[in-house]
Amino acid sequence: MREHVVDHMDMDNDGVIQLNEFIEYAKSKDFDHEDPWDAAFAAEFSNDDLDDFEKTLDENEKADIQAQAELEKQKRLETIKKYEEESKINMQMLKEHSEKLKEALLAANKAKDLEKAKKIVADAQEAELQKEA
């Protein structure tokens with residue numbers, strides 16, 4: 001493409017396009033004088049068309065936002081369910097631990113009571129031996 005441009009604009013064939021060469025070429029009929037944006041704006045739209053287009057965009061945006069909100073809601077519900085399950089497991093473990101601790105405390109109390117009873121019996125036997133002696 002560069003060669004094509006240089007071939008058409010470089011009048012003195014020095015390989016460089018001078019400002020005056022460009023200006024002369026721009027004035028010629030070979031130069032594209034059409035506005036490239038004319039094609040983009042060839043179809044005229046009414047204000048009603050614009051309003052309809054904006055309404056459609058608004059509805060699509062609302063639908064997208066609602067879909068994103070629903071996805072976020074589902075993710076949060078899944079997270080809550082996960083934490084609830086973990087809490088149930090932790091509560092079950094806590095309950096089991098609590099039961100074992102209760103059993104251990106009861107056993108310790110029984111052991112203390114047994115030691116007290118042994119001491120009372122030993123004291124009573126000792127007192128009886130002292131009476132006899």
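1. Lys88 is exposed, because its relative accessibility is 56% (exposed means over 50% relative accessible area, buried under 20%, partly exposed in between; 1.4 Å probe, protein chains only). Its salt-bridge partner is Glu85, with the closest N and O atoms 4.0 Å apart (a salt bridge is a side-chain nitrogen of Lys or Arg within 4 Å of a carboxyl oxygen of Asp or Glu). Glu85 is partly exposed, at 45%. Both residues belong to helix H3 and are three residues apart, about one turn of the helix.

2. This is a predicted model, in which local features need pLDDT of at least 70 and side-chain atom pairs count only at pLDDT 80 or more, while totals for chains, interfaces and linings use all residues. Residues are numbered from 1 along each chain as its sequence is written, and side-chain values use heavy atoms, with hydrogens and water left out.

3. Over the whole structure, the search finds two salt bridges. One of them joins the side chains of Arg76 and Glu72, at 3.1 Å from N to O. Arg76 and Glu72 are also in helix H3, four residues apart, about one turn of the helix. Arg76 is exposed at 56% relative accessibility, and Glu72 is partly exposed at 37%.

4. Ser46 sits in the loop between helix H2 (19-27) and helix H3 (47-132) (helices are DSSP runs of H or I, at least four residues, and strands runs of E, at least two, numbered from the N terminus). A polar atom of the Ser46 side chain lies 3.1 Å from the backbone nitrogen of Asp49. With 35% relative accessibility, Ser46 counts as partly exposed.

Key: Polar contact = N/O pair within 3.5 Å; in protein donor to acceptor, adjacent residues only side chain to side chain.
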